[in-house]
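Let's take a look at how charged side chains pair up in this protein, and then at one of its pockets. Have the sequence and the 3D view open as you read.

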Amino acid sequence: MKHIVPSPPAIVQNRFSAIQEMFHKHVIPSYGRFDLVLSHGLGSFVWDVNGKRYLDLGGGIAVCCLGHANPEITETLIEQSRKLLHVSNLYYTEPQGRLAGELVKLIAPGKCFFSNSGAEANEGLFKLARKFGNSDGRFEILTALNSFHGRTLAGLAATGQEKFRKGFEPTTPGFRHIPFNDLGAAEKSLSPATVAILIEGVQGESGILPATPEYLLGLRKLCDEKNLLLLMDGVQCGHFRTGRFQSFQRILENTANGRAFLPDAISMAKSLGGGFPIGAFWVREPYADVLGPGTHASTFGGTPLGCAVALKVLEVIQRDRLAENVRTVGEFLKQELLRMSRTYPGVISSVRGLGLMIGFELQPNIASFKNSEKSPGLQFVNRLHEAGLLAIPAGTNVVRLLPPLNLQRSEAEESIGVIKSVVSRIS
Ligand SMILES: *Cc1c(COP(=O)(O)O)cnc(C)c1O
């Protein structure tokens, strides 16, 4: 029988060029990829095909929330795949029902729909909003500048960054962008056609920018007054990444009226399956039945295999109190990075984030980066790779850390050592 968790081959072959060549020949070149060919991982570490080890603080862009090759995820995959991989949504299955119940328990009374990705989860939010406003002719969704909501045509229209839409015009109608964390701008931008406002609790792709408590509470009030849906994209910042299940729960936890706050719908994906592709959106009562029979569907959505894995991920996170780990290890990383920014103000200009969603901003004119066209973020990440650490660029000047939620303190200390070595070398 084949081993389920692949162990590193005894003699690591240099497959680097051969694998890159297959990509150059046969994979559509839509991604800017780093010169790394990864072969396997364990916990917070991954190895490339040359046998080099990396601390993985990118976590597959906030996906691998329990690290790599987690034995409990593996076991669940095996167990569920022996019973049922997939059946159509023409039928009921227990894992989907149970997962919806768990998500509702973690947010508030409402219902869930399951998709395969974040972009698809957001598509569900757009359809919910349009259906909600359809009878009185409203359809327009306001989203934030510098937001990111996925690569489908509607996702691109929602995304508040011109560069993603370029070349794919005409843009899907019905979306307009407003400055983030600016309540006055939201009020002023409403039109008679506006039906919803969509924001990320913490903007991820554009550089780790959390919403303020005042903004969240203000948007809720505005949406209540104008009969608009308040939608939140929790694809990257959700799933305990900030130290609470959803980012708004963390952002508002110390405010007087924060406990009463709820968006009307939330999209999820990334960490939801811990690496298995699954997305979802939750809709609160009384809007949970707006998308009635026949209005929305997905062949693979809520497959028993995906839901069983997502249930296991939630169970492990809660059993092992990983939300607390996110807070303590996240705070350690943030404080150490802040300290570094004070020691090397010519390299790191600021540090932001919540829990294990951390970004540090690089100075725009670092001398060592002058000779390359590449953005400072990209150049810094390349140096981190050389030093044995994976991180993710965001925007042009920010480096993002989105490690597994079970990152150990010792691994965080090792990470800080690696980052410091790179910072001191380029300072
Ligand atoms: C990644 C991301 C998406 C898109 O998710 P996909 O699974 O890539 O479609 C949407 N919104 C946010 C905030 C994201 O970070």
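A salt bridge here means a side-chain nitrogen of Lys or Arg within 4 Å of a carboxyl oxygen of Asp or Glu. With that rule, a search of the whole structure turns up 21 salt bridges. Keep in mind that this is a predicted model, where local features need pLDDT of at least 70, side-chain atom pairs count only at pLDDT 80 or more, and totals for chains, interfaces and linings use all residues. Residues are numbered from 1 along each chain as its sequence is written, and side-chain values use heavy atoms, with hydrogens and water left out.

Here are some of the pairs:

| Salt bridge | N to O distance |
|---|---|
| Arg319 and Glu72 | 2.8 Å |
| Arg319 and Asp320 | 2.8 Å |
| Glu253 and Arg250 | 3.3 Å |

What does the Arg319 and Glu72 pair tie together? Arg319 sits in helix α11 (residues 304-319) and Glu72 in helix α3 (residues 71-83), so their bridge links parts that are 247 residues apart in sequence. Helices (H or I, at least four residues) and strands (E, at least two) are DSSP runs, numbered from the N terminus.

How open are these residues? Buried means under 20% relative accessible area, exposed means over 50%, and partly exposed is in between (1.4 Å probe, protein chains only). Arg319 is partly exposed at 44%, and Glu72 is partly exposed at 26%. Asp320 is partly exposed too, with 38%. Elsewhere, salt bridges that share partners join Arg220, Asp224, Asp264 and Arg284 into one network.

Now for the pocket. On a 1 Å grid over the protein atoms alone, a pocket is an open set of points where a 1.4 Å probe fits, with protein on both sides within 12 Å along at least five of seven lines; lining residues have an atom within 4 Å of a point. The second largest pocket holds about 810 Å³ of space, a volume being the space filled by probe spheres set on the points, which are joined across faces, edges and corners. Its lining has 29 residues, and Asn89, Gln96, Cys112, Phe113 and His296 lie nearest the centre. Which element gives the most to this lining? Strand β4 does, with four residues.
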